[in-house]
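Here is a short note to read beside the model. Please keep the sequence open as you go through the points.

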Amino acid sequence: MMWILKSKARQNKIYRFIAPVDLSEEVDKAKAKGDTDVFVFTGFGLTVLDISDFKEVPDKEKNDVED
């Protein structure tokens, strides 16, 4: 499973500085620790995102090409 931001505006701002896959890994780490906050560098400073700002996408949807 992969976690992506729900908001397109936030996607445009944040995905310039961190890859969606890397951000998804940070969400997984936060969930494993029981945290609800994810800290993200946006180029200007740190931004705190809540777990509720993300939606879970199945692996099949994130792959553009079928094997």
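1. Start at the turn. In the hairpin of E2 and E3, 4 residues lie between the strands, and Gly43 takes a positive phi near 100°. Strands here (E, at least two residues) are DSSP runs, numbered from the N terminus.

2. This is a predicted model: local features need pLDDT of at least 70, side-chain atom pairs count only at pLDDT 80 or more, and totals for chains, interfaces and linings use all residues. Residues are numbered from 1 along each chain as its sequence is written, and side-chain values use heavy atoms, leaving out hydrogens and water.

3. E2 and E3 (residues 46–50) run antiparallel, joined by 5 bridges. Strands pair if DSSP finds at least two bridges between them. Leu49 in E3 is the bridge partner of Val38. Phe39 stands opposite Val48.

4. Side chains alternate along E2 (residues 37–41). Val38 and Val40 point to one face and are buried (under 20% relative accessible area, 1.4 Å probe, protein chains only).

5. Now look at Ile4, in strand E1 (residues 2–5). Its C-alpha atom is separated by 6.5 Å from that of Glu56, 52 residues apart along the chain. Beyond its neighbours within four places in sequence, Ile4 is in contact (heavy atoms within 4.5 Å) with Gln11, Tyr15, Asp53, Phe54, Lys55 and Val57.

Technical notes
Buried < 20%, exposed > 50% of the residue type's maximum accessible area, 1.4 Å probe, protein only.
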